[in-house]
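Me: I would like to learn how to read some features of a protein model. Please take them one at a time, with the general idea before the case.

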Amino acid sequence: MAGGKEWSMKALKEVWKRAENSLCADCGKPDPDWASSTLGVFICLSCSGIHRNIPSISKVKSLKVDYWDDAQVQFLAKRGNAVTKAIYEAYIPIYYYQPSYNDCQLLREQWIRAKYERKEFTEPGKQLPYSDGVKEGILWKRGRDNGQFLPRKFLLSEREGCLKYFTKQDAKEPKINVKIDVINATFQPEKIGNPNGLQITYLKDNKTRNIFVYHESGKEVVDWFNAIRSVQFHYLKVAFPIASDNEIKNRLTRNFLKEGYMEKTGPKQKEAFKKRWFTLDHRRLMYFKDPLDAFAKGEVFVGSGENGYSVQKGLPSGTQGNFSWHYGITIVTPDREYLFTCETETDQLDWITAFTSVINQSMTPQEYASKCLDAVSFPS
């Protein structure tokens, strides 16, 4: 008996060590130490918790602690991540967002359920709830002035190339009508205070406008998210016919590079530093009085190093503005310097890393045009 157990453990370790099984099958996290005995995939601890919530589909066990019998080990050896992915991820639409371990719980859960429970990607040409080119329904939207979430009708149309929302169900004219190519969507459960919270942003007169929504159904809000990506993808395929699918995919919705509180001072650099919420959306650094503000109080364009932009640790000597946080950052642009302070050294280093990643990238022609149009700067 002991010999059989030792053989099973040795065989399990051999399968576990295969290169294909070195990353979580669902989120890509390195060194997964759990597996599904019914699906045959190697997964991380976090994803194993999601699998555990769908016991009719997946039964999970620890690779380090639990006992695996011969039949289970042989099944893992026969399957593994590569074979199982070939079955359950065979026909994923190019625009469908495949979350990583850095993404929120909702995205990862719906990705796992879409694969194994609903089997959305196992056959070609399957009709999917986000692939029709049109989506209509109710989302709970946060009011710009009162902060209350109220039900609003939203309409997404590939034919019209836009997203609309209406303040009343029977309204003929939309409150907003936004072109699909200026929209971004990103999940913000902590900021919005709802596990299904989605932030939709768009450019209006070259300024960023935020809309915060949620839906009671996690599946429904993720379907909206992927429907937006689907419509964007097909719009961009027409607008850029020679671009590859992967090039277009990289231009769809994106997560913000960095968000959080910093203190800032005004252009004279003598004013008191004020605590504000900052969002770095690629080359747009925006600040808000409140994280859920509809409009930024100010924006600054962060260009490339070859065009005179840089980030420096600390503040210029002799900075006169009063500040309560002592971990400074200076953004140097061709026009002026922007001064910020962070609460901790970790925050300071994280922001510097984010700024550096943007500054090290060459600017595209579109970004040059955006800089010329963007006359918004940081007021005091």
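Reply: Over residues 9-129 the chain is 39% helix and 7% strand, with the end C-alpha atoms 43 Å apart. Helices (H or I, at least four residues) and strands (E, at least two) are DSSP runs, numbered from the N terminus. According to UniProt, in an unreviewed entry, the annotation "domain: Arf-GAP" covers residues 9-129; positions are in the numbering used here, feature names are shortened, and annotations may be inferred rather than shown by experiment. This is a predicted model, where local features need pLDDT of at least 70 and side-chain atom pairs count only at pLDDT 80 or more, while totals for chains, interfaces and linings use all residues. Residues are numbered from 1 along each chain as its sequence is written, and side-chain values use heavy atoms, with hydrogens and water left out.

Me: How is the interface between domain 2 and domain 3 described?

Reply: The size of an interface is often given as the accessible area lost when the parts come together. Here domain 2 (134-250) and domain 3 (258-377) bury about 1,300 Å² between them, 51% of it from carbon and sulfur atoms; the area is summed over both parts, with a 1.4 Å probe. In domain 2, Lys191, Asn206 and Thr208 lose the most area to domain 3, together 44% of what that side buries. Contacts (heavy atoms within 4.5 Å) link 13 residues of domain 2 with 17 residues of domain 3. The domain bounds come from an automatic or database domain assignment.

Me: Where is His282 found?

Reply: His282 is in the loop between β12 and β13. Its phi is positive, about 55 degrees, although His282 is not a glycine. His282 is partly exposed, at 24% relative accessibility.

Definitions and conventions
Buried area = accessible area lost by both parts, 1.4 Å probe. Buried < 20%, exposed > 50% of the residue type's maximum accessible area, 1.4 Å probe, protein only.
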